Structures are given as C-alpha cells and as structure tokens.
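Hi there,

Here is the structure I promised to pass on. My notes on it follow below.

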Amino acid sequence: MANDGGEESTKLKLYSYWRSSCSCRVRIALNLKGLDHEYIAVNLLKGEHKSPEFLKLNPLGYVPVLVDGDTVVADSFAILLYLEEKYPQNPLLPQDLQRKALNYQAANLVSANIQPHQNLAVIGYIKEKLGPDEMLAWVKHHLRNGFSALEKLLEKHAGKYATGDTPFLADLFLAPQIDGAVKRFDIDMKEFPILYKINESYKEHSAFQAAAPGKQPDAPSEARE
C-alpha cells in the first residue's frame, strides 16, 4: 500500500508470539495506553524467528519487535521504555521515585532472573540433555526462587497491584510470568499470597485479559479463552 499519510502507514506493528511472556508485556502496555496496532504473528515453533526477514528486524531472533514508522525496537524492556517516552498517556511508571525504582527492580527480577530460565532454547536444551523431569524441576526451582524474592520485595508496597492500586511496569512483567507458571508449569500460586492476590486483579482488568495468550489470533484452538 502506498504511503499516503493514512492510518495503515502510521499504525504500530507488533511482531509477537501468542505464548511469549515477553510479547505479552508489550501487549498489555499497548492496551493500557490505548494504542492501536497491527499484530504480526511469528511462529517460534516453526522457526519463523530465524528467517532472514525477521533477523533484519532483530538480529538476535527474539520476539517481541515493535515497528513505529521508521523506528524498530526489539526487546520488551526497551520497547516499554520507548512507548513510555513517546506515548506518555496512561503512564507505565509512577511519579514517586521510590515506587519507580521498585517497579524497575521487580520488572528486572522477572526479566533477568526468572524468565530466561524457561525460554524455549534453554528448556529445550535441558530436556534433550537431561530429560523432561529434570527440565520441569529446573523451571520450578527458578520460578519459586524468583517468586519468593518478589514476595519479600513487594510485601510493604503491594495494593491491588504490585506497587499500589494502579497497574505499572512491574505488573506488565508479573502478569504473564504468573500466568505461565500456573498454566505451563503447574505452580500453586497460593504459596505466594501477595502474588496470588494481585494476579486476581489482573484477571479482572480488561487490558491484561485482552493481552492474554489465549486471546491472541495465533493461539491454537485448544488454548483459546
């Protein structure tokens, strides 16, 4: 389509995979900010993230990738900070510096210390080398360690959501991480009462629910909600 200044030429594009927790973080942010976008599915199981076309967008070959006109941003954390700067409506970060730092800390705990231990490349390697039981034990160990740390981090700050009664950056990381822990790895979140409580709030928030894996156009029929 020719670039005539119309909607198609300016709409945000999100390259995503339905079950990717990193992609889900960005989907929630786009919903919270009310940003219209085109969803472009990248099937990780079929290796579409390794195609030459996709590697031009992200040489590392990971989703999500956001395209905003001539700007291409890969990595969920980078995308979220970009969206926050360019589209400040419905902010993802509180004004209070202490709570802002808490959001950064909680988000980074998920992105650096929990999620990497369960991505497809890692668990696929462990499953191949050590078997499915060891793979599951590995994932559950890191989930429980991370969730225990989050319980301590948030115990004096959590309200309806992670750092109060408004969803912020920490919640964008926590919601898909908790959802995956329950549905993919059979973690009982009642072991973690603070996280269990705020997860109930995610279930009632339309921006979170619209971003859920089972609501995405590339979700298989058996996973649709």
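How many disulfides does a search of the whole structure find? The search finds 0 disulfides, a disulfide being a pair of cysteine sulfur atoms within 2.5 Å. The sulfur of Cys22 has its closest cysteine sulfur in Cys24, and at 9.9 Å that is too far for a bond. Cys24 is likewise in no disulfide. Cys22 is buried at 13% relative accessible area, and Cys24 is buried at 5%. Here, buried means under 20% relative accessible area, exposed over 50%, and partly exposed in between (1.4 Å probe, protein chains only).

Before the rest, a word on the source. This is a predicted model, in which local features need pLDDT of at least 70 and side-chain atom pairs count only at pLDDT 80 or more, while totals for chains, interfaces and linings use all residues. Residues are numbered from 1 along each chain as its sequence is written, and side-chain values use heavy atoms, with hydrogens and water left out.

Helices (H or I, at least four residues) and strands (E, at least two) are DSSP runs, numbered from the N terminus.

At the start of α4, a side-chain oxygen of Asp75 comes to within 3.1 Å of the backbone nitrogen of Phe77. Leu83 touches Val26, Ala29, Leu30, Lys33, Leu35, Leu66 and Pro88, residues up to four places away in sequence not being counted; contact means heavy atoms within 4.5 Å.

One of those partners, Leu66, lies in strand β3. Leu66 is buried, with a relative accessible area of 0%. Leaving aside neighbours within four places in sequence, Leu66 is in contact with residues including Leu12, Val73, Ile79 and Tyr82.

The side chain of Asn103 reaches the backbone oxygen of Arg99 at 2.8 Å, and one of its polar atoms lies 3.3 Å from the backbone nitrogen of Leu169. Beyond four places in sequence, Asn103 is in contact with Leu93, Pro94, Thr163, Phe168, Leu169 and Ala170.

Finally, the packing of two helices. The axes of α8 and α9 come within 10 Å and cross at roughly 95°; axes are lines fitted to C-alpha atoms, for helices over the stretch in contact, with angles from 0 to 180 degrees between N-to-C directions. The two helices α8 and α9 are therefore roughly perpendicular, the word for angles of 65 to 115 degrees. Asp171, Leu174, Ala175 and Ile178 of α8 make this contact with Leu195, Ile198, Asn199 and Tyr202 of α9.

Best wishes

Notes
A polar contact is a pair of N or O atoms within 3.5 Å; within protein, one must be able to donate a hydrogen and the other to accept it, and residues adjacent in sequence count only if both atoms are side-chain atoms. Angles under 35 degrees count as roughly parallel, over 145 as roughly antiparallel, 65 to 115 as roughly perpendicular and the rest as oblique.
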